[in-house]
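Thanks for coming. I have one structure to go through today, and I will keep it short. Please have a look at it first.

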Amino acid sequence: MPGIGVIGGTGFAEWDEFDVEETEEKHTPWGSPSSPLYRGTLKEKKIVLLKRHGHDHDLPPHRINHRANLYALQKEVDEVVGVCSAGALREDFKVPSISIPEDYVNLWDPITFYDE
């Protein structure tokens, strides 16, 4: 079983360093994930890539089915890394920068798998 799942953002539409060996469509109790699962290798490491904005990068942020994305990866990998980029509201954040948020704000989807 591959060890790492990557939910890739806009920069992963074309990821030249990643050699895709297999593609699989998934369906989950929460619907279809954003893209097929792309299994392959990156520097001899087994990776499963899910493209957050869809195979053709046509899925806007407010239409991403996060539940389905995570569910599709849960039995495939041991760990998931979500890679993304976003703008900033502060001019002193220069490009490129890395920031680590201390909170999570999601105005579109519930952030839980539990509805009760």
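I'll start with strand β4, residues 45-51. Five of its seven residues are buried, so β4 is largely enclosed by the rest of the structure. Before I go on, please note that this is a predicted model.

Which strands pair with β4? One of them is β1, residues 4-8, which runs parallel to β4 and is joined to it by five bridges. If you want a place to look, find V6, which sits opposite L49 of β4.

Another is β3. Here the pairing with β4 is antiparallel, and it extends over six bridges. The pair to look for in this case is G40, with I47 of β4 opposite. β3 and β4 form a hairpin with two residues between the strands, and in that hairpin K43 takes a positive phi near 50°.

Where is S34 found? It lies in the loop that runs between β2, residues 19-24, and β3, residues 37-42.

Is S34 buried or exposed? Its relative accessibility is 13%, and the cut-off for buried is under 20%, so S34 counts as buried.

What does the side chain of S34 reach? It comes to 2.9 Å from the backbone oxygen of R52.

As for contacts, leaving out residues up to four places away in sequence, S34 touches L50, K51, R52, G54, H55, L59, I64, N65 and N69.

How values were computed. Residues numbered from 1 in each chain as written. Predicted model: local features only at pLDDT ≥ 70, side-chain atom pairs only at ≥ 80, totals over all residues. Heavy atoms only, no water. Helix = DSSP H or I, 4+ residues; strand = E, 2+ residues; numbered from the N terminus. Buried < 20%, exposed > 50% of the residue type's maximum accessible area, 1.4 Å probe, protein only. Polar contact = N/O pair within 3.5 Å; in protein donor to acceptor, adjacent residues only side chain to side chain. Contact = heavy atoms within 4.5 Å. Pairing = 2+ DSSP bridges.
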